Amino acid sequence: MAATTGTARYVELHPRNPQRRAVLATVDLLREGGLIAYPTDSCFALGAVVGNREGLERIRAIRRLDERHHFTLVCRDFAQLGQFVRVSTPVFRSVKAATPGCYTFILPATKEVPRRLMHPRKRTVGVRIPRHPVAEALLAELGEPLLSSTLLLPDTEEPLTSGHEIHDRLGHQLDAVLDSGECGTEPTTVVDLSGDEPVLVRQGAGEGFRW
């Protein structure tokens with residue numbers, strides 16, 4: 001497993017056409033157990049591969065999260081998303097209409113999701129499909145979801161928006177910071193679709209969700 005021994009790599013990427021060599025190097029780092037900060041269509045996020053137990057604990061430590069926190073599996077497309085959550089026909093239609101985009105949906109997890117990533121009581125997990133060239137390129141090369149969490153530090157109201165600032169503040173806790181320019185300050189809108197009726201958990205960048 002990779003471990004942070006100094007300062008994280010700082011990787012500048014083109015915002016629309018990220019350099020494939022840099023993307024492949026980041027994917028190698030992730031597969032070796034690395035933890036990264038990367039841009040999405042809402043704001044910066046922390047990311048590791050799903051099987052990275054140490055990465056999960058590092059995210060918990062950075063954000064001071066408890067066991068009730070819903071982690072998110074950031075997926076490349078619906079085919080991948082469907083491997084990790086159970087989606088009924090009405091739910092599928094609603095999610096399909098809102099993605100890719102700035103939404104995270106909480107849904108019942110399948111057996112493919114490690115129990116440590118599920119809500120301990122509900123057995124649910126968050127999923128999303130982003131619309132951001134860097135995130136899309138990473139997911140295409142990785143071939144599996146990214147275990148992710150919004151890069152929102154404890155006792156702060158807004159996520160960090162600058163790759164340079166993230167590197168300065170968290171470089172000793174991460175293995176790489178990917179920067180393709182300023183990100184937004186609003187995290188995703190979170191909608192819980194695991195029950196009979198949708199529940200708005202957090203209003204964020206996504207607007208106008210229809211059930």
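Tutor: On a 1 Å grid over the protein atoms alone, a pocket is an open set of points where a 1.4 Å probe fits, with protein on both sides within 12 Å along at least five of seven lines, and lining residues have an atom within 4 Å of a point. This is a predicted model, in which local features need pLDDT of at least 70, side-chain atom pairs count only at pLDDT 80 or more, and totals for chains, interfaces and linings use all residues. Residues are numbered from 1 along each chain as its sequence is written, and side-chain values use heavy atoms, with hydrogens and water left out.

Student: Which residues lie nearest the centre of the largest pocket?

Tutor: They are His70, Thr72, Thr150, Val190 and Arg202, out of 23 lining residues.

Student: And which element gives the most to that lining?

Tutor: Strand S7 does, with three residues; strands are DSSP runs of E with at least two residues, helices are runs of H or I with at least four, and both are numbered from the N terminus.

Student: What is the lining like by class?

Tutor: It has nine nonpolar, 11 polar and three charged residues. Ala, Val, Leu, Ile, Met, Phe, Trp, Tyr, Cys and Pro count as nonpolar, Asp, Glu, Lys and Arg as charged, and the others, Gly among them, as polar.

Student: Changing topic, which residues of H1 meet H5?

Tutor: Arg20, Val23, Leu24, Thr26, Val27 and Arg31 of H1 contact Ala137, Leu138, Glu141 and Leu142 of H5, where contact means heavy atoms within 4.5 Å. By class, six residues there are nonpolar, one is polar and three are charged.

Student: Where is the cis peptide bond?

Tutor: The cis bond joins Thr99 and Pro100, with omega about 0°. Pro100 belongs to the loop between helix H4 (89-98) and S5.

Student: What is the phi of Arg123?

Tutor: Phi of Arg123 is near 55°, a positive value in a residue other than glycine. Arg123 sits in the loop between S5 and S6.
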